[in-house]
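I opened this notebook to record what I looked up in the model, entry by entry. The sequence and the structure come first, and my notes follow.

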Amino acid sequence: MYNLAFEWTETNRHWLIEVPVRVVAYIVVALIIRFLLHRMIDRATTGRAKKSVSGELEGQAKKPPLLRYLRDRASATNVARAAERRQQRAQTIGSVLKSTASIVLLVWVVLAILSVLGVNIAPFIASAGVVGLAIGFGAQNLVRDFVSGVFMLLEDQYGVGDTVDVGEVIGEVQSVGLRITTIRDIDGTLWYVRNGEIARVGNMSQDYAVARIEVPVALTADVDRAQQVAVEAAEDVIADPSMAGKVIGEPEMLGVQSLAADQLTLRMTLKTRPNAQWSVQRKLRREILRAYDENGINLPYPQGRIHAVVGGQETDGA
């Protein structure tokens, strides 16, 4: 009788005191570890964004490690925009790291509680391995997209607002995620591109751009004079206040680019700010053509008159 009472007391103490205490202890330890890990991730990935160039330069030494790494990787000329972009990438990576830490801790706590309750967790671990292997084979593309997205963020291959060429799509980046990048092309179509499917990226918006202008000229034209007039027209464009902020260099006349039976082509380049090359090209072409017309430099297009027949008689028209 005494043995039965002792066993009953020990059993009740085990289930009413020891098991709850151990379960609560595991949960508390997991919460503390989760808090510490999230705190470390926040300190490594987040920081107060600097809104001005001077603030950005003064705060470089105080920035978290990941932001300093992203700063070293970035090469954008606009400091404020680059700082905001690094902050966004760091927060995205931090969110992924915190989610991963929470999931790992949750799995550990569940397995620990099951072990405390006397459940044999070996079959669960074996099943998890088999299920994980099956999911790994079935989700290869998802994992590849995820890993590619992480490296794109770390390496700053492109960001929101950049104009990129990713193969079949050329347009402005609308959003950058860990799995999908959305790009809007010139026709307004929004493309959803999986990061794992991007084999190469041409970014037209990093550091600077180059406006390339090729002007056809008649074979009978004075080449030296045509080059001089083109450069003078480009300098007038740079002097325009509306265009001065888009240009960061001087026009460079490269000379004759190609020679055909009916024309020759002059090439000139001009370094511009990111995403400004197209508007600068349009302005330069218009002004160069106007300058050629004013200076009598012939273009290789047919020069003729329009003939019309009115009332049985042929008349000339301009």
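I take a contact to mean heavy atoms within 4.5 Å. With that in hand I looked up Thr 269, leaving aside its neighbours within four places in sequence, and I found it in contact with Val 210, Ala 211, Arg 212, Glu 250, Pro 251, Glu 252 and Leu 254.

Before going further I noted the ground rules. This is a predicted model, in which local features need pLDDT of at least 70 and side-chain atom pairs count only at pLDDT 80 or more, while totals for chains, interfaces and linings use all residues. Residues are numbered from 1 along each chain as its sequence is written, and side-chain values use heavy atoms, with hydrogens and water left out.

**Overview**

I counted secondary structure as DSSP runs numbered from the N terminus, with helices being H or I of at least four residues and strands being E of at least two. On that basis the protein has 9 helices and 10 strands. For accessibility I used a 1.4 Å probe and protein chains only, calling a residue buried under 20% relative accessible area, exposed over 50% and partly exposed in between. Of the 318 residues, 33% count as buried. Among contacts with a separation of 6 or more, 61% are between residues 24 or more positions apart.

**The sheet β6-β8-β7**

I let two strands pair if DSSP finds at least two bridges between them. I then found an open sheet of 3 strands in the order β6-β8-β7, with antiparallel pairing. The edges are β6 (209-217) and β7 (252-259), each of which has a single partner strand, so one side of each is left without a neighbour in the sheet. For angles I used axes fitted as lines to C-alpha atoms, for helices over the stretch in contact, with values from 0 to 180 degrees between N-to-C directions. Neighbouring strands of this sheet are turned by 25 degrees against each other on average, direction ignored.

Strand β8 (residues 264-272) pairs with β7 over 6 bridges in the antiparallel sense, and Met 268 in β8 is the bridge partner of Met 253. Thr 269, with which I began, lies in strand β8 and is buried, at a relative accessible area of 15%.

In the loop between β7 and β8 I looked up Ala 260, which counts as partly exposed at 37% relative accessibility. Its C-alpha is 8.8 Å from that of Leu 219, although the two are 41 residues apart in sequence.

**Helices on the sheet**

Helix α7 (residues 223-239) lies across β6, β7 and β8 and runs at about 25 degrees to β8. Helix α9 (residues 277-294) also packs on the sheet, where it touches β6 and β8, and its direction makes about 25 degrees with that of β6. Val 223 is found in helix α7 and is partly exposed, with a relative accessible area of 25%. Not counting residues up to four places away in sequence, Val 223 touches Val 256, Leu 264 and Leu 266.

**Cores**

I defined a nonpolar core as a set of buried Ala, Val, Leu, Ile, Met, Phe, Trp, Tyr and Cys residues joined through side-chain atoms within 4.5 Å. The largest has 25 residues, and those with the most contacts inside it include Val 217, Leu 270 and Leu 284. At least two residues of this core come from each of β6, α7, β8 and α9, and the largest share, 8 residues, is supplied by α7. Leu 284 touches Ile 213, Ala 234, Val 237 and Leu 270, again not counting residues up to four places away in sequence. Apart from this core lies another, of 9 residues, among them Val 164 and Val 173.

Strand β1 (residues 163-165) is joined to strand β2 (residues 170-176) by 3 bridges, the two running antiparallel. They form a hairpin with 4 residues between them, and Gly 167 in the turn has a positive phi of about 115 degrees. Strand β3 (residues 180-185) is joined to β2 by 5 bridges, also antiparallel, and Arg 184 in β3 is the bridge partner of Glu 172.
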